[in-house]
Amino acid sequence: MKELLKTLVEIPAPSGYESQVRNQIREWIEPLVDEMRVDSLGNLVAVRKQTDAPRLMLVAHMDEIGLMVTHVDQQGFARFVALGGVMPIHCVGGRVRFLNGVQGVIGVEKNPTSSEIPPLEKMFIDVGASSAEDCPIRIGDVAVFDRSFVDLGKRVVSKAMDDRVGVAVLIEALRRIEKSAFEMYYVFSVQEEVGVRGATVAAFGVEPDLGLAIDVTATGDTPKGHRMEVRLGKGPAIKIRDAGMLADPRVIQWMVQTAEKAKIPYQREILEFGGTDARAIQLSRSGVPAGVLSIPCRYVHAPSEMVDMEDVENAVKLLINLLQTAPNLERPK
Amino acid sequence: MKTNNLSILLKRLTSPPGLSGYEESIAREVEALWKPLVDHLSRNRLGSVLGFRAGSGESPRPCLMMVAHQDAIGLMVSGIKEGFLRLTEIGGVDQRILPGQLVQVHGKRTLPAVVVQPPPFLLPPEAQEGSVPLSYLWADTGLEEKEVRRWIQIGDPVSFNRNYVELGSDVVCSPSLDNRASLCALTLCLQELQARKHAWDIWAVASTQEEETLGGAATSAFQVQPDLAVVIDVTHASGPGSPAHKTYPLGKGITLGWGPTVHPKLYEVFKELAEKLEIPFKMEAMPRYSGTDADRLQTIAEGIPTMVISIPLRYMHTPVEMVSKKDIQRAARLLAEFAASLEIDFMVKIQWDETPKP
Amino acid sequence: MGRNTETLNQPTITPEQIRVLEKLCNAVAVSGNETEVRRLVMDQIKPTVQEMRIDALGNLLAFQKKESRKPLRVMVAAHLDEVGFMLTSEEDKEEGIYRFELVGGIDPRWLAGKPVQVGTERRKGVIGCKAIHLTTAEERRNPFTVEALRVDLGGGGKARVGDWGTFATPFQKIGGSIRAKALDNRIGVATAIELLKYEYPALDLLVAFTVQEEVGLRGAKVAAHALNPDLAIVLDCTPAYDLPLQVEDSFYPLENERYNTRLGYGAAIYLSDRATISDPRLVAHFVRTAEKMGIAYQFRQAGGGATDAGAIHLQRAGIPSISISVPGRYLHTPASLVRIADWENTLRLVYHALQSLSVDVLQTER
């Protein structure tokens, strides 16, 4: 799975401009599904048909956070804005790669009166040009962080683990599963990072009975980090809530019971910020019971995000097990 | 409507915790109460309770949806350390009301606990002064860690202790009056409609997750596709520390919403009815949004003409919310009158303008 | 040459259209109360459309043809509403003094000492502030807040709580520029009215004059759901912050790098704002069209702001969308400013883009 993950994370595909990674995913999954389509926003929707079975929509987002150029000044320096949740602290000294191949460095204006991290407006991208005329990028060009995949053994590090690791889990599940209790819609969504936009229209089109997102979640196990219980290496997380939604208790129960029966380690997750594609599914049409299978990830939205390969493998196992039994959607106790 | 009946009803409706996302306990209560009052009961996929009453008009009949959210705010267990519980919020909770609050932890067993604020020397410098943020407070069950972990886990909802008190002849104090007071009004409305004819089909909806996503009402509206919708919620009653120009006196009448989320012709109809019934009311200006289920509901599918009526409530989002029983009755009466008096061709009357014929 | 014939019948900005824009700008239609402008628009488009409909929220939906027969259904949207305020509490009944709250995004620092108009009868009043003589230098450093300001109608009985109001700036043409209130988005509305006068052989044109854009893109959401077009073009007015830089550095030649758009540089094509990443296929089509027809255009800088496209593109199973705006200075303030040339270029760009749109535009994947 490391190879799969390495290929995925190194493809540049920021929100709104996901075609490169979509093409790669499509190449891999085409022989594994009955039908595939790309909808009007660019979501890749793949179907494994099954009659008389509830329809499950699984979603992992293809897009990563990125930057868009707003202006190139007379000396050839480019100003930019964020596509998705790019934090200034992670930009200082960063390297970027544009979709047209050009590479650059993020520079920062000096501030004589304060040592606080400046906002993105006080940063710029330097591609080594000497003027606006000989600058190979211009207004509207998009870039992603430029960091390669690193294998630390048990753990791996890269940009775009959010959510290429989710994409990898979906692809791996597709490869290993033969039968399931559902009619399966594998959705590789776009524009999650700018407001779960892809999933919103994908869910409307798919009309699922049940929805499950595979995405990363933060951890609370770094020095003076987030105040939350999820840890790297303690198993995939079953999301109870985040800032965007309360997971359906029946879905949580289904996930917990499946994990316990299959003896897969898991964690119960509460995230006090952030949201996922599952929210978009939950609020679609007449409502859809939805939940999230989370992969613990350190340094989310930094150029070097870290996941534990055992968590990833267990996430695949849990997903495969989940697909074998439909949840009881009768009223909970 | 006897006040006794209202008190009993209100007490029943404020008893179940029914936190956002975990509304099962209140949903069952609503189903039990609505069963004799509707033709058909069902649940929407996000747990909202839908009660359907067929109208007497000729088919095809238009339908009216009346919504009151059934979920309440509270807390949730987000961690366990040395037997103490860490907490996160469900809905908006002011951290300053928490120290000393008696709560119920709904785990494998329901256990009593108290929310406590640690002494400053146990807190980092940034949390020592001022009000202690929620993530530094604890809930203490009084049990040892082993017992705690036996019954409680991350994700268990935590509700404020039930404490229904009648203060004087009109005012009631209890947690969850936001929005069980409105649910009470909606139930009383259905009771009144038992004795009256109505031309339109009526959907009574006890929606879920208003305090988090407004999702229960919006998805119910997509499912039902009503021609009109009325949302019943609570608004701010005047009280100590609250600005007079943004609040309404307790027990002196209900409010009728006005603004982009409200169809102006519906406002006019409700105003006329209230004047006819001599129900005291005030216009509640909502310049940008209503802060209720109406905000999402109005823009579902091709749009739904929506009205918002509100019951003044003091100390909103605290366990000591207060409401006037008279105001609940007023809301119920107005709703019933509106529902019963809807003519079958009412939709023609609320057109914005005549469009020229080609 | 092909180009000359194509540009022969293209729309231009005439004194008549400026008169229509004047009527539109002087009308009052704050979000939630768009009736006056909607009626003006109905009047204007009557001879050019076969059907009109007003939906549950007050959107005016206009159909050039009664029946949809072409393979491509294109929605053009322009919002009717403007920013303003609502009277929320009567403070002095006799004097006619009211508290108010803003409707839409207005920087309160533009409000003090301005004439306003309130209610359907457009009663004249002011947002006053106390005389400078009665203030201290210390006080003047702090801006007025909405909480502190009041609407004064100079006597009781002229308005009531719930009335909408806005600035009372009269429309004025100044050389090649226009100064008025509500150019955001009466100029978009005027453009849509003009576009409806032409035929588009390859597509069905559906125009939505939407409501409540300034309070959350609310009208567009339901209009798009109802129309369910193949693609959408949103016409709006976007800020131009192209004022002189006032920060000096003798070492490095600083520039104004956050102008958003600039007056005089043509129609503004959106790449990305806070709510929408424009469909790149549509961006390419508009750029090709502009280059081919020699129409001045600029890219609106990515970043904040939103248009009706934010709501439209997420409706149903997704609707490819793009926004095209006329650049304007001082939007959401008492007096906005646009250049007539930019308006004409915007009108022409959308006209030619519509003329050359076909199903082929959406054949490639996004």
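The interface of chain C with chain A buries about 2600 Å², and carbon and sulfur atoms give 55% of that. Buried area here is the accessible area, with a 1.4 Å probe, that two parts lose on being put together, summed over both. E257(C), I277(C) and R366(C) supply 25% of what chain C buries against chain A, more than any other three residues. In residue terms, 29 residues of chain C are in contact with 31 of chain A, where contact means heavy atoms within 4.5 Å.

A word on the model. It is predicted, so local features need pLDDT of at least 70 and side-chain atom pairs pLDDT 80 or more, while totals for chains, interfaces and linings use all residues. Residues are numbered from 1 along each chain as written, chains are lettered from A and ligands numbered from 1 in written order, and side-chain values use heavy atoms, without hydrogens or water.

Now chain A, helix α2, residues 19-29. Its buried residues (under 20% relative accessible area, 1.4 Å probe, protein chains only) are V21(A), R22(A), Q24(A), I25(A), R26(A) and I29(A). They pack against elements of chain A including α1 (2-9), β1 (35-38) and α3 (161-176).

On to chain B. It has 10 helices and 17 strands. These are DSSP runs, numbered from the N terminus: helices are H or I, at least four residues, and strands are E, at least two. Of its 358 residues, 63% count as buried. Take contacts in chain B between residues at least 6 apart in sequence: 76% join residues at least 24 apart. Its C-alpha atoms fill a box of roughly 75 × 50 × 40 Å along the principal axes.

Key
Buried means under 20% relative accessible area, exposed over 50%, partly exposed in between (1.4 Å probe, protein chains only).
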